[in-house]
Amino acid sequence: MRIEYNFAFFDEGSKREIRRATLKAVAIPGYQVPFASREMPIARGWGTGGLQLTLSLVGKKDILKVIDQGSDESVNAVNIKKLITKTTGIKVTDEASEATIIQSRHRIPEIPLQSGQILVLQVPLPEPLRYYEPSELETKKLHAEQEYSGAWLMLFEQIMNYGTMSTGADHPAMVHDRYVMAPSPIPRFDNPKLNHSKALILLGAGREKKVYAVPPYTRVESLAFEDFSFEVESFKNKYCGICGAKGVFLDEMLDDLTGETFYQCNDTSYCLQRLNQESAGRGIYNDRV
Amino acid sequence: MTEFEQPVLSVSNLNKQFGKGCPSCKDLNEDSLKKNYCPVCGTVYACHDITFEVYAGEILGVVGESGSGKSTLMQCLYFDQEVSSGEAYISSYKDGKTDVFAESSQQKRYIRNHIMGKVYQNPLLGLRINFTSIGNIAEKLIAAGNRHVGKMEARGKELLEHVNIPIYRIKEAPKNFSGGMQQRVQIAKALSNNPPLLLLDEVTTGLDLSVQASVLDLIKTIQRELQITVVIVSHDLGVIRMLADRTMVMLDGRIIEQGLTDQILEDPQHGYTQHLVQSLL
């Protein structure tokens, strides 16, 4: 039996509902807008929020890129791409500069995004104050009253316990001087890329039924203290073992045979692009070690 | 204390009722028996026409039997509960000319964070027991606009030392502490940003006598040092005798007697107060 789906899987009414929530989210930067999260053919927690945003936005001329943990070829990314292309027939790409919609988990591409592009992030826990205040009713009040001592307190606790702010990912950020936002599980390294981003950034949490957004050119400030400033992960004196890139987010790997530690670009398409350009002899990357 | 001095806290006609009320409740309020429960609609009048003033550096005691509305009064003053009617003025907030009960919830939060400190009977209400002790103190400092880790840590250490929490335990969560220690952390937290007004709700209830003595001693010392104004609720007349300058006695949601503590304890006028003093001494 062959089932015919509507364009982009959803019926038009569903898409409209999600778009309406998205518009509200764009209008109030950083504010979590509730929406009627649908049952999806992938499991909750596998990017249903991001997927619903992508499906509601996608048009016939769009070009899609899906990243999971920095890679275009991991299981989750491949399956999301399959679902979207099967129900829409649009083109997919690996190159961040070519894509019009980029759905991602964990990373923002290394290549700076341009205006006209949309970055969709999959969010597991949209509430930055959740560990401080378990009640949804209470956190809503805290947001309404702009009472964010809880977010700072959690950072203070980390400094007390570990001597430094130890957020591996999801470092809370103040959007447009009003709402504190959990920027999905992107590493601290990518937080500065949110600030005055040329691209529209949408964040969707399917299980928690919330969408929020960072419109283009919006101030996004990572929370920090007067004497403990915000710092990104440092990869000083380290470079990608494949393409030689420096100043990018690197994964630490272990060589099975020699037992040595080496590093590799987390953004695989960026790594590949560098290698291609080099082998084509364009020589624009002279920093190869 | 001059006659013209403005009270730190002045409350007038504070009412708090639980329930909608009905026509027969009106008779109840004029009833000479003065019960606080309406048998027709079940409405409870927890606080009825409470009017009092507290002056700078003074300790006001509130005594009364269980269910007389002491804690409800404190919750209303700390904005944990919304009052049914009434007004309150705090001298350090907008020169004491604005009714704080009529302010927005954002402003109420500001008052709580900057002007007030409260110690609850149950430490679980006043503390975040899974966060570190020093973090608990930092919470109040952060809420008051502090953003300097070094300064907050120093202040937290100073306060915890003051309340006799050993220095090597300040990074431990209060959930691992004994009840007395939790209570002391709570006091340190309430005092962290030197609030002009401190509300103490049955701070010593449930603590053993030696801890009780040290907690009371601590409150007295700090109050003398910083000249803060304190409202202390207790059903223990010993605590009131030791701390309070002035005392009011509550029964069924009403203030039945108020005056200097010695006067209340030595020469009680109201029948209930006489009974209360008699049963203790």
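Begin by selecting Lys118(B): opposite it, in strand 6 of chain B, stands Leu199(B). Keep in mind that you're looking at a predicted model.

Now show the whole of strand 5 and strand 6 (residues 197-201) of chain B. The two run parallel and are joined by four bridges. As a general point, strands of a sheet pair through backbone hydrogen bonds, either parallel or antiparallel.

Next, zoom out. Six strands of chain B make up an open sheet, in the order 5-6-7-3-8-9, and the pairing is mixed. Which strands sit at the edges? They are strand 5 (116-119) and strand 9 (254-260) of chain B, each pairing on one side only. On average, neighbouring strands in this sheet are turned by 15° against each other, ignoring direction.

Time for the helices. Pick residues 70-77 of chain B: this is helix 2, which packs on the sheet and touches strand 3 (59-64), strand 6, strand 7 (229-233) and strand 8 (246-251) of chain B. The direction of helix 2 makes about 150° with that of strand 6 of chain B.

Then select residues 179-191 of chain B. You've got helix 7, lying across strand 5 and strand 6 of chain B and running at about 170° to strand 5.

The axes of helix 7 and helix 8 come within 10 Å and cross at roughly 10°, which means helix 7 of chain B is roughly parallel to helix 8 of chain B. Show some side chains where they meet: Ile187(B) and Leu191(B) are among those from helix 7, and Val215(B) and Leu218(B) among those from helix 8. By class, this contact has seven nonpolar, two polar and one charged residues.

Notes:
Residues are numbered from 1 along each chain as its sequence is written. Chains are lettered from A and ligands numbered from 1 in the order in which they are written. This is a predicted model: local features need pLDDT of at least 70, side-chain atom pairs count only at pLDDT 80 or more; totals for chains, interfaces and linings use all residues. Two strands pair if DSSP finds at least two bridges between them. Axes are lines fitted to C-alpha atoms, for helices over the stretch in contact, and angles run from 0 to 180 degrees between N-to-C directions. Two residues are in contact if their C-beta atoms, placed from the backbone, lie within 7 Å. Angles under 35 degrees count as roughly parallel, over 145 as roughly antiparallel, 65 to 115 as roughly perpendicular and the rest as oblique. Ala, Val, Leu, Ile, Met, Phe, Trp, Tyr, Cys and Pro count as nonpolar, Asp, Glu, Lys and Arg as charged, and the others, Gly among them, as polar.
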